[in-house]
Amino acid sequence: MSQDKHEPALKEVASLREAAAKAQVKLQQTFTNLQFEDFGPSPVQGPIYQASAGGRIIYYAPQSEHLLFATVYDRNGVNLTALAQEQGAARRLKAIDPAKALAIGPAGAPTVIEFTDPDCPYCQALDRFWAAKAAEGKPVRRLIFFVSGIHPTAAAKAEHILCSPDHEAAFKAAYSGQSPAALAQCAQGHAKVADDAELVARIGISGTPTLIADGKLISGFQQGELEAFLDSHAKPAAAKAANDASR
């Protein structure tokens, strides 16, 4: 009688073990170069859905109420998460008119689209990074759109930059932490800040800095990715210079 009572539970345990064994074999057969020490059930249960939050791809399992910040690869090593982010960046690019940006940096330099906030510490660090790279001979053309809904004085400082006679000098001063006695105001600058805010809301930018470089969306100050972006543009330029010199 006691054995009959526990029989369904024992069958379920055996079934789960059999499923885990099959899954482990499948993993070994699919990703042959992957080495692992342990294998067992995950706390995630049920179907998993994909969402985009501020350009970042996240995954959600409603059955077990788990949120996953993960990178998904297929059996061929293709990063499906990166592909989804690039597709999202492409959709955003279509909504952005570069002619409406505040352009900083020399024309002809590698160009990035940058969503930024004068009061964001990481944006200020990014500005210092770009300045250091320009000093190394790696300038960029920054197409600036202001994000003014996070910090309370961001909109006023952005308007001050846009209303100052020298936009770039005012930008550098603001991002170095300088605060003028009175912030400049003008109708054109006020309208630009409002237009940027509408664009930010429409394309779902939720954090700063957010950049689009060569069609790729970069969330946050990701120095490694920016170094790679600069290097990818520096190599063709160096090769061209060497080719010209040899003629």
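Author: First, the residue classes. Ala, Val, Leu, Ile, Met, Phe, Trp, Tyr, Cys and Pro count as nonpolar; Asp, Glu, Lys and Arg count as charged; the others, Gly among them, count as polar. One caution before we start: this is a predicted model.

The part to look at is the second largest pocket. It holds about 220 Å³ of space. By class, six residues of its lining are nonpolar, three are polar and three are charged. Which residues line the second largest pocket? A99, K100, A101 and L102 are among them. L162, H167 and C186 also belong to the lining. Q188, G189, A191, K192 and D195 complete the list. Helix α6, residues 187–203, gives the most to this lining, with five residues.

A disulfide is a covalent bond between the sulfur atoms of two cysteines. How many disulfides does a search of the whole structure find? The search finds one. Its partners are C163 and C186, with sulfur atoms 2.1 Å apart. The torsion about the S-S bond is -85°, and the link of C163 and C186 is left-handed. C163 sits in helix α4, residues 154–163, while C186 sits in the loop between α5 and α6, so the pair ties together parts that are 23 residues apart in sequence.

Five strands make an open sheet with mixed pairing, in the order β4-β6-β5-β7-β8. Its edge strands are β4, residues 102–104, and β8; each of them pairs on one side only. On average, neighbouring strands of this sheet are turned by 25° against each other, direction ignored. Inside the sheet, β5 (residues 111–116) and β6 (residues 141–146) pair in the parallel sense over six bridges. I113 has L143 in β6 as its bridge partner. Helix α5, residues 167–175, packs on this sheet and touches β4, β5 and β6; its direction makes about 70° with that of β6. Helix α6 lies across β4, β5 and β6 as well, and runs at about 90° to β6. Past α6, the loop between α6 and β7 (210–213) holds P209. A cis peptide bond joins T208 and P209, with omega at about -10°.

For contrast, turn to the largest pocket. About 400 Å³ of space lies there. Its lining has 21 residues, and the closest to its centre are G55, R56, I57, Q85 and S219. Seven of the lining residues are nonpolar, eleven are polar and three are charged. Where does this lining come from? β2 (56–61), α2 (80–95) and β8 (216–219) each supply at least two residues. β8 gives the largest share, four residues.

Three strands form it, open and antiparallel, in the order β1-β2-β3. β1 (49–53) and β3 (66–68) are the edge strands, and each pairs on one side only. The twist averages 30° from one strand to the next. β2 and β3 pair in the antiparallel sense over three bridges. A61 finds its bridge partner in β3, at H66. The loop between β2 and β3 holds E65. E65 is not a glycine, yet its phi is positive, about 55°. Helix α2 lies across β1 and β2 and runs at about 125° to β2.

To close, back to the second largest pocket. Helix α6 gives the most to its lining. That helix also lies across β4, β5 and β6.

How values were computed
Residues are numbered from 1 along each chain as its sequence is written. This is a predicted model: local features need pLDDT of at least 70, side-chain atom pairs count only at pLDDT 80 or more; totals for chains, interfaces and linings use all residues. Side-chain values use heavy atoms; hydrogens and water are left out. On a 1 Å grid over the protein atoms alone, a cavity is a set of points where a 1.4 Å probe fits but cannot get out, and a pocket is an open set with protein on both sides within 12 Å along at least five of seven lines; lining residues have an atom within 4 Å of a point. Grid points are joined across faces, edges and corners, and a volume is the space filled by probe spheres set on the points. Two strands pair if DSSP finds at least two bridges between them. Axes are lines fitted to C-alpha atoms, for helices over the stretch in contact, and angles run from 0 to 180 degrees between N-to-C directions. Contact means heavy atoms within 4.5 Å. A disulfide is a pair of cysteine sulfur atoms within 2.5 Å.
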